[in-house]
Amino acid sequence: MLKQTLIASLVAATALTSGVAIAADEYNVSAGLTAANAPLGLHGVDTVAFISTGNRIQGAARFAAVHDGVAYYFATQENLDAFNANPASYIPQNGGFCTFGVAVGKKFDGDPRWADVRDGKLYVFLSEAIFNAYQKDPEGTIVKAEANWQQIRSTAATDL
């Protein structure tokens with residue numbers, strides 16, 4: 001019953017955002033472009049700081065890196081340098097889309113306010129309720145998301 005309620009919540013979230021541009025590619029990004037001429041990923045939160053310390057620190061445009069067409073902001077030059085040295089270690093899993101959503105075959109916004117770092121990987125979620133559902137079976141959710149991501153990675157969110 002809980003799973004059906006959560007899926008219904010995810011579908012409702014899609015309906016509410018249907019008038020808003022949703023990233024159609026492999027990354028969850030903001031609408032519009034940054035000064036780095038790319039859309040912003042992870043809502044501008046410094047991924048290096050998040051993964052290394054667990055703190056949600058807002059990055060700054062002056063410390064920006066573009067990876068695979070997505071701009072990421074960092075709080076310090078050191079964090080920017082760490083990202084540039086190994087971007088794959090710091091980009092959010094599932095393109096920055098909600099991990100629980102990907103586990104059920106959807107692409108919903110991944111909000112860094114609700115996130116988890118497991119085995120050095122960053123997973124983000126749509127909302128507090130969805131994050132709480134994930135916490136009941138994090139390993140199972142991650143396994144399902146990893147399998148589904150391979151199938152939906154290049155599918156537009158609106159086509160799912």
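User: How many salt bridges does a search of the whole structure find?

Analyst: The search finds three salt bridges, a salt bridge being a side-chain nitrogen of Lys or Arg within 4 Å of a carboxyl oxygen of Asp or Glu. Please keep in mind that this is a predicted model, where local features need pLDDT of at least 70, side-chain atom pairs count only at pLDDT 80 or more, and totals for chains, interfaces and linings use all residues. Residues are numbered from 1 along each chain as its sequence is written, and side-chain values use heavy atoms, with hydrogens and water left out.

User: OK, which residue does Asp111 form a salt bridge with?

Analyst: Asp111 pairs with Arg113, and their closest N and O atoms are 2.7 Å apart.

User: And is Asp111 buried or exposed?

Analyst: Asp111 is buried, at 8% relative accessible area, while Arg113 is exposed at 54%; buried means under 20%, exposed over 50% and partly exposed in between, using a 1.4 Å probe and protein chains only.

User: Switching over, which side chain meets Glu139 in a salt bridge?

Analyst: That is Arg118, at 3.3 Å from N to O. The pair links distant parts of the chain, 21 residues apart, with Glu139 in helix H6 (residues 138-152) and Arg118 in strand E3 (residues 111-118); helices (H or I, at least four residues) and strands (E, at least two) are DSSP runs numbered from the N terminus.

User: Which residues do shared partners join into one network?

Analyst: Asp116, Arg118 and Glu139 are joined, with Arg118 also meeting Asp116 at 2.8 Å, N to O. Asp116 is buried at 16%, whereas Arg118 is partly exposed at 29%, and Glu139 is partly exposed at 48%.
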